[in-house]
Amino acid sequence: MSAGEEKGERNTGVNRTLILAHGQNWQERYFNLRKMLEVLNLEQVDFCLAADLKLLNLLLGLSNHGGTHACLYCTGTLKNATEAGQTRTFATILQQHQAYLDAVKEDHKTAQSQFHNCVRSCLYPITNPEATILSAIPPPQLHIFIGAVNKLFNLVKMLMVHYGRFEEFDKWCSTNSITRRGYDTNQLDGNNCRAFMKSVDKLKTAKLKGKDEPPEAENLLPPSPSCLLILDTLQALQSVVKGTMSHVLASSYKQDIGRYAELRAQLPPLVKSECGSGVTYSWKEHILIVHLESWLDDHQIGLASVSEQASESVHHFHEVRSWSHYKVPEGHSKFMQRVTASVVKFSSLNTGFTT
Ligand SMILES: [Zn+2]
């Protein structure tokens with residue numbers, strides 16, 4: 001298959017993605033994943049995995065992200081989120097899991113955290129046990145981006161509530177087409193994260209009563225050092241996103257990540273002193289701050305080349321471009337036949353062939 005590398009035609013994009021399998025109502029669970037991998041025979045092909053953090057932990061046999069050591073790349077904790085723990089390799093995961101099984105035989109109440117949360121058999125098709133996880137699985141671009149932006153967005157929201165300006169802020173978001181949507185309405189999805197990040201300058205100068213107010217009118221942003229620091233952090237994050245998450249890696253990527261990490265680290269004490277609330281780190285922020293740079297050092301390309309964005313978009317584009325024409329209700333006598341036809345149609349369009 002040949003494809004230009006222009007936007008919309010990249011081999012890594014949704015327009016070139018082929019669907020290999022379609023599962024109806026399959027939940028993201030360990031058992032289902034194991035069943036799927038049993039028939040894929042991934043050992044026989046070269047591949048690069050692109051998935052969200054939940055799926056990656058399932059695949060490696062790690063517990064979910066409520067666990068003490070839930071980073072797939074190291075054994076660090078969220079208490080010291082800006083520091084790396086011991087580097088995980090496939091061998092350390094296998095050893096820790098065996099040790100966990102042995103300990104559970106003696107005492108079924110053994111804490112998972114004692115064995116770095118390696119609670120199930122690793123499902124990843126391992127070819128080199130000594131390889132680090134980071135060398136085998138790239139940081140999931142879309143999800144760490146969404147996680148880092150949402151953390152800052154939610155902090156702005158919290159301060160707006162604290163200063164009694166949430167309603168006005170919510171109106172400003174609507175006016176600027178920034179909408180919380182999806183299964184968790186407190187979160188911005190990828191497009192809305194981009195919209196919010198691009199609107200930081202506008203937010204800095206927005207007026208409390210709306211855009212038609214004179215320059216001397218009161219600003220929407222409260223007189224809050226925390227708010228200003230959050231917006232500065234967001235602008236630093238924007239440089240990281242631009243420089244590391246597109247196809248080309250910016251030469252300033254180390255400084256960009258360093259600047260973001262430095263500003264982000266100043267937030268917890270400042271917010272605490274201003275409104276008494278604690279600010280924690282998420283695992284996505286930990287990966288961005290602690291592991292992204294090492295991956296970029298080794299690969300010298302932007303994360304877009306290995307992003308899970310395309311496979312996430314397939315759900316939507318398959319529905320729009322193909323399934324909407326073939327759709328029949330589940331339980332219909334021709335349901336499976338229609339699903340197959342729809343998947344073949346979608347993949348054929350993406351190869352340039354038509355059925
Ligand atoms: Zn880590």
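Mentor: Start with the crossing: α5 passes α9 in a left-handed crossing. Keep in mind that this is a predicted model. Helix α5 covers residues 141-162, and helix α9 covers residues 225-244. Their axes lie 10 Å apart, at an angle of about 165°. Angles over 145 degrees count as roughly antiparallel, so α5 and α9 are roughly antiparallel to each other.

Now look at the side of α5 that meets α9. From α5 come F145, A148, V149, L152, L155, V156 and L159. From α9 come S226, C227, I230, T233, L234, L237 and V241. Sort the residues of this contact by class, and you get 12 nonpolar, 2 polar and no charged.

Helix α7 covers residues 190-198. The axes of α5 and α7 are 10 Å apart, and the angle between them is about 50°. That angle makes α5 oblique to α7. The crossing of α5 past α7 is left-handed.

Which residues meet here? On α5 they are L142, F145, I146, V149, N150 and F153. On α7 they are G190, C193, F196 and M197. By class, the contact of α5 with α7 has 8 nonpolar, 2 polar and no charged residues.

Compare the two lists for α5. F145 and V149 meet α7, and F145 and V149 also take part in the contact with α9.

Before you leave the model, look at two loop residues. Most residues other than glycine have a negative phi. N41 is not a glycine, yet its phi is positive, about 50°. Find N41 in the loop between α1 (30-40) and α2 (53-60). H116 also has a positive phi, near 50°, and is a residue other than glycine. H116 sits in the loop between α3 (90-106) and α4 (133-136).

Are these two residues buried or exposed? Count the C-beta neighbours inside 10 Å. N41 has 9. The cut-off for exposed is 12 or fewer, so N41 counts as exposed. H116 has 27. The cut-off for buried is 20 or more, so H116 counts as buried.

To recap, α5 is roughly antiparallel to α9 and oblique to α7.

Definitions and conventions:
Residues are numbered from 1 along each chain as its sequence is written. This is a predicted model: local features need pLDDT of at least 70, side-chain atom pairs count only at pLDDT 80 or more; totals for chains, interfaces and linings use all residues. Axes are lines fitted to C-alpha atoms, for helices over the stretch in contact, and angles run from 0 to 180 degrees between N-to-C directions. Helices (H or I, at least four residues) and strands (E, at least two) are DSSP runs, numbered from the N terminus. Angles under 35 degrees count as roughly parallel, over 145 as roughly antiparallel, 65 to 115 as roughly perpendicular and the rest as oblique. A crossing is left-handed if the near helix is turned anticlockwise from the far one by less than a right angle, and right-handed if clockwise. Two residues are in contact if their C-beta atoms, placed from the backbone, lie within 7 Å. Ala, Val, Leu, Ile, Met, Phe, Trp, Tyr, Cys and Pro count as nonpolar, Asp, Glu, Lys and Arg as charged, and the others, Gly among them, as polar.
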